[in-house]
Amino acid sequence: MDFDLSPRSAQQLFDGEAGSYHTWSSSEFPLLAEEKVGAGRLVLQPRGFALPHYSDSSKIGYVLQGSDGIVGMVLPNSSEEVVLRLKKGDVIPVPLGALSWWYNNGDHSEEVVVVFLGETSKAHIPGEITYFFLSGGQGIMGGFSTEFISRAYKMNEKEASKLAKSQTGILLIKLEPGIRMPHPNMEIVEKMVYNIDAALPDVDVRGGGVFKALTAARFPFLEEAGLSVNRVKLEANAMYSPSYTADGTFQVFYVARGSGRVQVVGIGGKRVLDTRIQAGQLLVVPRFFAVAQIADGEGMEFVSILPGTSPAIEEFASKKSVWNALSPIVSQVALSVTPEFEEFFKSKMQKTTILIPPTK
């Protein structure tokens, strides 16, 4: 494997008064296709509406900003629309083939921003999420001939043309003031949306930061997307210590805020990446490669996804380290150190977690 692992920023695919959509192209970022992962970022202005669509990838939406988001969804093999309210910190799985629309219900200037991270093993273009819109200038309705539309809906030609061609907007449109969208179903929100920002941490280290893991065991609806989510907040100059996935899956990191440094070590112990990473960038870590990050003075926050509902992450420098699991003599000969140094080495990991505060 010889890919450029450098973190990348998204490219703008669409921009208008209703908002914008940004994506990472597999032609510019070939590692996406190799690991079969895709990503995009949706920005909705007040009254901005993403036309109903489905995609060829299962994905996770994470709300980066906003408090007045609304999403409507029709799950595969269902005839019922579910309408949900979204706010900053929410995680919402979008299963493969699910129909959805997205709306910023706010009347003020606050944007609703959602980053999507997904798995593209069934995608038309590996490494990219392709959307199929029901209506609009690139919609399925307008793609069929008037004859087919009139036969399907039992309309005359004029009615069929009106049905298929009236909406000329593409991707995102801005609704007129006064239009009232469906009211969110608050009873079902907890089953389909999980606010990971407000959740209790799995790891909380003073001066180090906060680590939260979200799997199907805690949030069953994740099972529908077949993905798991991690949320990490590093304090100033803290470290997300070296780790790797032991189940042959990739890791994808999106930096929500702040900046820092990242190193990745791959085949043959080669350091394949040693660079800076900042807010808005996407990092893809190939399967079995080890990764570690250190935040800058302003700290760093990122969200990551892993395929599967119960991922296996192995740590190198914490009390859960694989080194601690090895017999002392095995560690001693593997590192070619004295018994005293081997004991000293392991003592340094007994009270540490995957988040390590800066040295004083």
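Colleague: Which residue of β10 is the bridge partner of alanine 50?

Modeller: The partner of alanine 50 in β10 is tryptophan 102. Please bear in mind that this is a predicted model.

Colleague: Which residue of β13 is the bridge partner of alanine 50?

Modeller: In β13, alanine 50 is bridged to leucine 172. Strand β13 (residues 172-174) is joined to β5 by three bridges and runs antiparallel to β5. Strand β12 (residues 131-133) is likewise antiparallel to β5, with three bridges; there, tyrosine 54 has phenylalanine 132 as its bridge partner.

Colleague: Why is strand β5 called mostly covered?

Modeller: A residue is buried when its relative accessible area is under 20%. In β5 (residues 48-55), seven of the eight residues are buried.

Colleague: What is the order of the strands in the open sheet of seven strands?

Modeller: The order is β2-β3-β4-β11-β6-β9-β14, and the pairing is antiparallel. Strands β2 (11-16) and β14 (194-195) are called edges because each has a single partner strand, which leaves one side of each without a neighbour in the sheet.

Colleague: How many bridges pair β6 with β11?

Modeller: Strand β6 (residues 58-65) and strand β11 (residues 112-119) are paired over seven bridges, in the antiparallel sense. One of the bridges joins valine 63 to valine 114 of β11.

Colleague: How do you know that aspartate 197 and arginine 231 form a salt bridge?

Modeller: The cut-off is 4 Å between a side-chain nitrogen of Lys or Arg and a carboxyl oxygen of Asp or Glu. For aspartate 197 and arginine 231, the closest N and O atoms are 3.0 Å apart, so the pair falls within 4 Å. The two residues are 34 apart in the chain: aspartate 197 is in the loop between β14 and β15 (203-205), and arginine 231 is in strand β17 (residues 227-234). Both belong to a network of salt bridges that also includes Lys88, Arg257 and Glu301. The whole structure has 13 salt bridges.

Colleague: What makes aspartate 202 and arginine 218 a salt bridge?

Modeller: The closest N and O atoms of aspartate 202 and arginine 218 are 3.0 Å apart, so they too meet the 4 Å cut-off. Aspartate 202 is in the loop between β14 and β15, and arginine 218 is in the loop between β16 (209-214) and α6 (222-225), so the pair ties together parts 16 residues apart in sequence. Aspartate 202 is partly exposed at 39%, and arginine 218 is partly exposed at 39%.

Colleague: Why is arginine 271 called exposed?

Modeller: Its relative accessible area is 51%, and exposed means over 50%. Arginine 271 meets aspartate 274 in a salt bridge at 3.4 Å, N to O; aspartate 274, at 38%, is partly exposed.

Colleague: How do you know that glutamine 281 is buried?

Modeller: Glutamine 281, in strand β21 (residues 281-285), has a relative accessible area of 11%, which is under 20%. A polar atom of the glutamine 281 side chain lies 3.0 Å from the backbone nitrogen of glutamine 278. Beyond four places in sequence, glutamine 281 is in contact with residues including Pro7, Phe253 and Arg276.

Colleague: What makes the phi of lysine 36 worth a remark?

Modeller: Most residues other than glycine have a negative phi. Lysine 36 has a positive phi near 60° and is found in the loop between α1 (31-35) and β4 (37-44). Phenylalanine 288 also has a positive phi, of about 75°, and lies in the loop between β21 and β22 (290-307).

Technical notes: Residues numbered from 1 in each chain as written. Predicted model: local features only at pLDDT ≥ 70, side-chain atom pairs only at ≥ 80, totals over all residues. Heavy atoms only, no water. Pairing = 2+ DSSP bridges. Helix = DSSP H or I, 4+ residues; strand = E, 2+ residues; numbered from the N terminus. Buried < 20%, exposed > 50% of the residue type's maximum accessible area, 1.4 Å probe, protein only. Polar contact = N/O pair within 3.5 Å; in protein donor to acceptor, adjacent residues only side chain to side chain. Contact = heavy atoms within 4.5 Å.
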